[in-house]
Amino acid sequence: SLFDFGGWVFFSQLVRSLYSAIDRSFIGRMMTATFLGYYHIAHRFGNEIPNELKSVVNQVMFPLFSIQQNNIEKVKQNFLLLLKINLICIFPVLSIIFFMSDYLVILFLGEGWQLAISSLKILILVALIQSLISSAFPLFKGLGYPHYETKILLTNVLFTLIPIYPLVLNYGIEGAAWALLIGQF
């Protein structure tokens with residue numbers, strides 16, 4: 001039973017690694033290194049803070065859901081609390097970055113990075129949706145259903161891979177960001 005549980009967790013980490021490299025792989029293959037740099041900066045700028053917050057919260061919540069798996073009402077209350085905490089912490093930060101991205105990019109990176117702004121705004125929406133979706137991952141693992149996380153991540157990969165080539169071909173780095181957004185929905 002431990003191997004079955006651990007196997008799904010391991011496989012979900014493999015799928016997560018694949019998912020995190022899809023967009024940059026297509027940009028690196030189809031465009032120049034300059035555009036890959038713009039996209040990489042946009043990706044880091046929009047995802048760094050939400051990833052750190054959700055990582056800490058998810059590591060804390062998994063053992064809690066595990067301990068409380070026999071009390072579904074308590075698990076439900078704590079999951080809703082987790083969603084509220086994620087929204088209270090992540091949504092304002094992402095909103096500020098989204099609405100002030102023109103100024104923040106120029107302030108922190110300089111005038112030469114303006115091409116990253118349009119993809120940054122799309123990637124912020126991706127980060128918000130990922131934060132909400134990933135809130136369920138410690139719940140699935142804590143209740144003993146890690147295969148749901150893997151299936152959700154595989155669906156994200158599939159629905160990102162389908163449109164990414166034509167979107168990058170036609171819209172460049174913004175197309176890659178749109179493909180990630182489509183994969184999240």
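Glu48 forms a salt bridge with Arg44, with the closest N and O atoms 2.8 Å apart, where a salt bridge is a side-chain nitrogen of Lys or Arg within 4 Å of a carboxyl oxygen of Asp or Glu. The structure holds 6 salt bridges, and its largest nonpolar core has 43 residues. This is a predicted model, in which local features need pLDDT of at least 70 and side-chain atom pairs count only at pLDDT 80 or more, while totals for chains, interfaces and linings use all residues. Residues are numbered from 1 along each chain as its sequence is written, and side-chain values use heavy atoms, with hydrogens and water left out.

**Salt bridges**

- Glu48 and Arg44 both lie in helix H2, 4 residues apart, which is about one turn of the helix; helices are DSSP runs of H or I with at least four residues, numbered from the N terminus.
- Glu48 counts as partly exposed at 32% relative accessibility, and Arg44 is also partly exposed, with a relative accessible area of 43%; buried means under 20% relative accessible area, exposed over 50%, and partly exposed in between, with a 1.4 Å probe and protein chains only.
- The side chains of Glu149 and Arg16 meet in a salt bridge at 2.1 Å, N to O, and this pair links distant parts of the chain, with Glu149 in helix H7 and Arg16 in helix H1, 133 residues apart.
- Glu149 is buried, with a relative accessible area of 1%, whereas Arg16 counts as partly exposed at 29% relative accessibility.
- Lys121 and Asp102 have side chains that meet in a salt bridge at 3.9 Å, N to O; Lys121 lies in helix H5 and Asp102 in helix H4, so the pair ties together parts that are 19 residues apart in sequence.
- Lys121 is partly exposed, with a relative accessible area of 25%, and Asp102 counts as partly exposed at 32% relative accessibility.

**Nonpolar core**

- The residues with the most contacts inside the largest nonpolar core are Tyr39, Phe65, Phe79, Leu82, Leu94, Leu123 and Leu180; a nonpolar core is a set of buried Ala, Val, Leu, Ile, Met, Phe, Trp, Tyr and Cys residues joined through side-chain atoms within 4.5 Å.
- Two or more residues are given to this core by each of H1, H2 (33–67), H3 (72–99), H4 (101–109), H5 (117–134), H6 (137–142), H7 (147–171) and H8, and the largest share, 9 residues, comes from H5.
- Leu180 touches Tyr19, Asp23, Tyr39, Leu123, Val126 and Thr160, not counting residues up to four places away in sequence, where contact means heavy atoms within 4.5 Å.

**Helix H8**

- Helix H8 (residues 173–184) has 12 residues and reaches 17 Å from its first C-alpha to its last, close to the 16 Å expected at 1.5 Å a residue, the expected span being 1.5 Å times one less than the number of residues.
- H8 is mostly covered, with 9 of its 12 residues buried, among them Ile173, Ala176, Leu180 and Gln184.

**Nonpolar surface patch**

- Phe10, Phe11, Leu14 and Leu154 make a nonpolar surface patch of about 380 Å², to which helix H1 (residues 2–30) gives the largest share, 3 residues.
- Such a patch is made of residues with over 30% relative accessible area and no salt bridge, nonpolar side chains (Val, Leu, Ile, Met, Phe, Trp, Tyr) being joined within 5 Å.
- Phe11 is found in helix H1 and counts as partly exposed at 36% relative accessibility.

Notes:
Patches are made of residues with over 30% relative accessible area and no salt bridge: like charges are joined within 9 Å, nonpolar side chains (Val, Leu, Ile, Met, Phe, Trp, Tyr) within 5 Å. Accessible areas come from the Shrake-Rupley method with a 1.4 Å probe; for residues, only the protein chains shown count as cover.
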